[in-house]
Amino acid sequence: MLMAHPAILRDLVEQYETLRILHAENGRPQVRRRMDDVAYTLCVSTGTRDVDAALIAARHRLPGARPEDDSLLDA
């Protein structure tokens, strides 16, 4: 499976996190739609089916990530 370049993944993760904060603060429909679009792109880019798994997969592909480190997984 092809994976997106780490720079693209980093940008998508940053966009999603920013949009999640904006949505929590004001809940505008435009922000939610953009957040859904970014979540979809993250899923496609990482070969996952939900945004939480996509975020974990993307973070593990970023420079400096340790494959054996599961600290990004929710307990």
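Here are my entries, one topic at a time.

**Ground rules.** I'm working with a predicted model, where local features need pLDDT of at least 70, side-chain atom pairs count only at pLDDT 80 or more, and totals for chains, interfaces and linings use all residues. Residues are numbered from 1 along each chain as its sequence is written, and side-chain values use heavy atoms, leaving out hydrogens and water.

**Helix 1.** I took helices as DSSP runs (H or I, at least four residues), numbered from the N terminus. Helix 1 covers residues 6-26, and its end C-alpha atoms are 30 Å apart, which agrees with the 30 Å that 21 residues should span at 1.5 Å a residue (the expected span is 1.5 Å times one less than the number of residues).

Which residues of helix 1 are buried? I found Leu9, Leu12, Val13, Tyr16 and Leu19 (buried is under 20% relative accessible area, exposed over 50%, with a 1.4 Å probe and protein chains only). Down the axis, these buried residues fall within an arc of 135°, so they line one face of helix 1 (the arc is that of the directions from the helix axis to the C-beta atoms). Exposed Ile21 and Glu25 are on the face turned away from that buried side.

The buried residues pack against helix 2 (29-46) and helix 3 (51-61). Just after helix 1, I noted Gly27 with a positive phi of about 60°.

**Helix 2 and helix 3.** I checked which residues meet here: Ala39, Leu42, Cys43 and Thr46 in helix 2 meet Val51, Ala54, Leu55, Ala57 and Ala58 in helix 3 (contact means heavy atoms within 4.5 Å).

Conventions: Helix = DSSP H or I, 4+ residues; strand = E, 2+ residues; numbered from the N terminus.
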